[in-house]
Amino acid sequence: MPIAKRRNSPQKPANSIRKNPGWKLPTTRRAPVSNPWRYAYLLAGEKKIGKTSFAIEGCDEYVIQLDKPQLAYEIMEDIPKSWRELVMILKALEESAEAGKFPYQRIIVDGIGEAYAMCQEFTCKHFSVEHPSDVGFAKAWHFLRDNFTEWVNRLLRLQQTADCGVVFISHAEWKEVKLRGGETIEKFCPNLAGKCEEVVNGKVDAWFIYDYIGKDRVLIVQGDQETGAGHRIDGHFLTPEGERVREVYMGQNPAEALANFIKAFENKWPYVDYASWKKAHIPKTETPQRRSSRGKK
């Protein structure tokens, strides 16, 4: 008896991708964000220089306070004590954004280094060890990195879902950095653990140093070999003539600091650095001031 022939039917490729009718691809480009507080910043600087007061100025803020409660300010803040509480706060923020009832214009994580330390403590408890290095094959380090990165990513997604900005705050310190040529120099940069700085710096739109020059406060927006600062916000922080702004004089109070920062963002700040601002505002007879935290200059 002849064997019945099987009907030929096209075979589905093993690596084929199923259509998802619910996903709609973009057909137009999104316009650049013109609001300076819709971006994500890492703000590092001297203790008590005014990082938090600058970050909360002029907005409805929500502060995740991991440094010290801000008793001198009228402020909306929570003081989490553990990584689990940080995750609970994030979930509450996401649910508020999804419900369309998000009340904040800016989220400030005051002490991002402490958040990373809490995640490390959570990791050690998860593996029942004293330090992540006690677990073989770097499993604990990967667990720590993945959990911290996911938390930062979800927080930054609120920039889109809730139309808010995010500011991570840390202290700054001098660190030894080895250059490509083998030379070792000291660099003024955020006081963060290596992996924490790698994750946060890699995610934010700008990383700034808030520093003193003599008694004046200055925001360094474009660093150099000795200062860890910079940004990737194209078309902003330029003088009216189109030169890159490197330093912004931040005035004597939070309101003046905010006003000068916005001018610099909107390309209305006419000074490239503190020296050019000082030349226009301070008599030449005064003794030149030295940078207090970066005494080499």
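**Entry 1: strand E5 and its partners**

I began with strand E4 (residues 106-110), which runs parallel to E5 and is joined to it by five bridges. I took strands as DSSP runs of at least two residues and helices (H or I) as runs of at least four, numbered from the N terminus, and I let two strands pair if DSSP finds at least two bridges between them. This is a predicted model, so I kept in mind that local features need pLDDT of at least 70 and side-chain atom pairs pLDDT 80 or more, while totals for chains, interfaces and linings use all residues. Residues are numbered from 1 along each chain as its sequence is written, and side-chain values use heavy atoms, without hydrogens or water.

Next I looked at strand E6 (residues 184-190), which pairs with E5 in the antiparallel sense over seven bridges. Glu-173 has Cys-189 as its bridge partner in E6. Five residues lie between the strands of this hairpin, and Gly-182 takes a positive phi near 100° there.

**Entry 2: the cores**

Which residues touch the most other members of the largest nonpolar core? I noted Ile-64, Ile-107, Ile-112, Phe-148, Trp-151, Leu-155 and Phe-168, out of 37 residues. (Such a core is a set of buried Ala, Val, Leu, Ile, Met, Phe, Trp, Tyr and Cys residues joined through side-chain atoms within 4.5 Å; buried means under 20% relative accessible area with a 1.4 Å probe, protein chains only.) Among the elements giving two or more residues to this core are strand E2 (61-65), helix H2 (83-98), helix H3 (112-127) and helix H4 (139-161). H4 gives the most, with seven residues.

I then followed Phe-168: leaving out residues up to four places away in sequence, its contacts (heavy atoms within 4.5 Å) include Tyr-41, Val-109, Leu-155 and Val-200. Apart from this core I found another, of 35 residues, among them Val-167, Ile-213, Phe-265 and Ile-282.

**Entry 3: Arg-217**

My last stop was Arg-217, in strand E8 (residues 216-220). Arg-217 is buried yet has no salt bridge, which would need a side-chain nitrogen of Lys or Arg within 4 Å of a carboxyl oxygen of Asp or Glu. The nearest side chain of opposite charge, Glu-256, is 6.8 Å away. What does the side chain of Arg-217 reach at 3.0 Å? I found the backbone oxygen of Ile-49 there. Beyond four places in sequence, Arg-217 also has contacts that include Gly-50, Tyr-212, Tyr-249 and Asn-253.

Key. Buried < 20%, exposed > 50% of the residue type's maximum accessible area, 1.4 Å probe, protein only. Lys, Arg positive; Asp, Glu negative; His and termini not counted. Polar contact = N/O pair within 3.5 Å; in protein donor to acceptor, adjacent residues only side chain to side chain.
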